[in-house]
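Q: Could you walk me through this structure, starting with the overall make-up and then going into the packing?

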Amino acid sequence: MAAAPFVPARCGCLPRRGGGFRNGKHGSVGSTSYPSSSTAPCPSSSSSSPPPLSSSSSSSSSSSSSSSSSSIGISSNRNYHGFRAQAMSTTTRGTSPRGTTTLKNEPDHLLVLVHGIQGSRNDWLYVEAELKRRLGRNFLIHASSTNAYAKTFDGIDGAGRRLADEVTRVVQKTDSLKKISFLAHSLGGLFARYAVAVLYSASASLTDQSEDYSSTSSNLEKSSSKQGLIAGLEPINFITLATPHLGVRGRGQLPFLLGVRFLEKLAAPMAPFVAGRTGAQLFLTDGKPNKPPLLLRMASDCEDGKFLSALGAFRCRILYANVSYDHMVGWRTSSIRREKELVKPPRRSLDGYKHVVDVEYCPPIPSDGPHFPPEAARAKEAAQNEPSIKNTVEYHEIMEEEMIQGLQQLGWKKVDVSFHSAFWPFLAHNNMNVKYEWLHNAGAGVVAHVADSLKQQESSTIIAASL
């Protein structure tokens, strides 16, 4: 398959007081030139080598400034020495073609909240109120309602398309919007990843078919954009909370099974009966044996959609992951890490953000993945027909590595959360988005960290636009 664009994260991340950096030098992160990516076949067993990834980058530095409670740090090698690091600079990559002026007192930034499995928009009541208080009137906060309750079992692709349609309707109703961000919890993160690929494709197709839309100035403006857009808007933040990006198959990926191999063996064949098409997709057993599972295809640009390019269009991508006590989603899958990359984090929370224990910036890594080699097809068939421990482990190990190979081509900011000191630590999964304030209020520090991340990107956007 053709390689997806090599896209670094451009998260403008201010260091926490008394903190260090992890995984890389402190300082500025440059802007990157984004090569166009042609649609490639989905990961296949083809032995032909894809063209190497290329990127051109120019770095710009920004001096460190006095930080308030919005200082959200990135640590390096877990060395917690008292120094202040430079903020990572961000560069505007083009603006939304919806115009350069904003109607007075009208929001210009759409923030879409996406709930998880068997959830509803009510799962965001606390977060919505808190973000409105913290972010101000520039944001239009929309809690998605199109995939409520049992609709989350219809498949990641089906739910993703519905979400894309819902976002399109919101954008069409609000002329002042110029930017867009997503905040998704649990399974909602996968819905959002699929939806942005649908919306990204729609934006790209406007350029190719501008003559068909010449009747309105709005569509002419949309077609003139040189950068990737999401629903015709400039993509800013893509944030997930405890999302199973690598699925839930494999040891420890579905924590409530307690790592018992016998239970994990039974979970995969039972998943479609319990959670429908979504269950099969989460366990990577969807489709015919010779076809890559959906989550693997979503780690690439393929004929199903430009999944990686759509994610790469966002200025900042942030993963919040529970280190422990999350009964639904394991640390590895929610932080897109290999087992050997899981290092015991600090137990002390960052200043001002209770239960947020570590922040790591992971720069992009060039890769020719993901692939779906012949041995993966054989392992998938064996896992579907004879789901023994040996067969399922072999298949998952292949798939997990290939998905990581694909997703690591983008830069990510990874935020580790630990509720070990909370009164009810086993509620970690729903603490992330404070599902019920009276029960899950331990997650208030996480919400504060999310809000400050959004504010920081908003501020950097305004500064860059004024230069």
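A: The protein chain has 13 helices and eleven strands, taken as DSSP runs numbered from the N terminus, with at least four residues of H or I for a helix and at least two of E for a strand. This is a predicted model, in which local features need pLDDT of at least 70 and side-chain atom pairs count only at pLDDT 80 or more, while totals for chains, interfaces and linings use all residues. Residues are numbered from 1 along each chain as its sequence is written, and side-chain values use heavy atoms, with hydrogens and water left out.

Q: How much of the protein chain is buried?

A: Of its 467 residues, 59% are buried, where buried means under 20% relative accessible area, exposed over 50% and partly exposed in between, with a 1.4 Å probe and protein chains only.

Q: And which residues of helix H1 are buried?

A: In H1, residues 125-135, they are Tyr-126, Val-127, Glu-128, Glu-130, Leu-131 and Leu-135. Just after H1 comes Gly-136, with a positive phi of about 85°.

Q: Switching to aromatics, how many pairs are there?

A: There are six aromatic pairs, counting rings of Phe, Tyr and Trp (its six-membered ring) with centres within 6.5 Å, and calling planes under 30 degrees apart stacked, over 60 edge-to-face and the rest tilted. Phe-182 and Phe-238 have ring centres 6.2 Å apart and planes at 40°, so this pair is tilted. Because Phe-182 lies in strand S5 (residues 179-185) and Phe-238 in strand S6 (residues 234-241), the pair ties together parts 56 residues apart in sequence.

Q: Are those two buried or exposed?

A: Both Phe-182 and Phe-238 are buried. Tyr-194 and Phe-307 also form a tilted pair, at 5.4 Å centre to centre and 55° between the planes, which links helix H3 (residues 188-208) to helix H7 (residues 307-312) across 113 residues.

Q: Which residues have the most contacts inside the largest nonpolar core?

A: They are Leu-110, Ile-156, Val-167, Phe-182, Ile-230 and Met-399, in a core of 60 residues; such a core is a set of buried Ala, Val, Leu, Ile, Met, Phe, Trp, Tyr and Cys residues joined through side-chain atoms within 4.5 Å, and contact means heavy atoms within 4.5 Å. H3 gives the largest share of this core, nine residues.

Q: What does the second core include?

A: That separate core of 34 residues includes Leu-113, Ile-141, Val-415 and Val-447.
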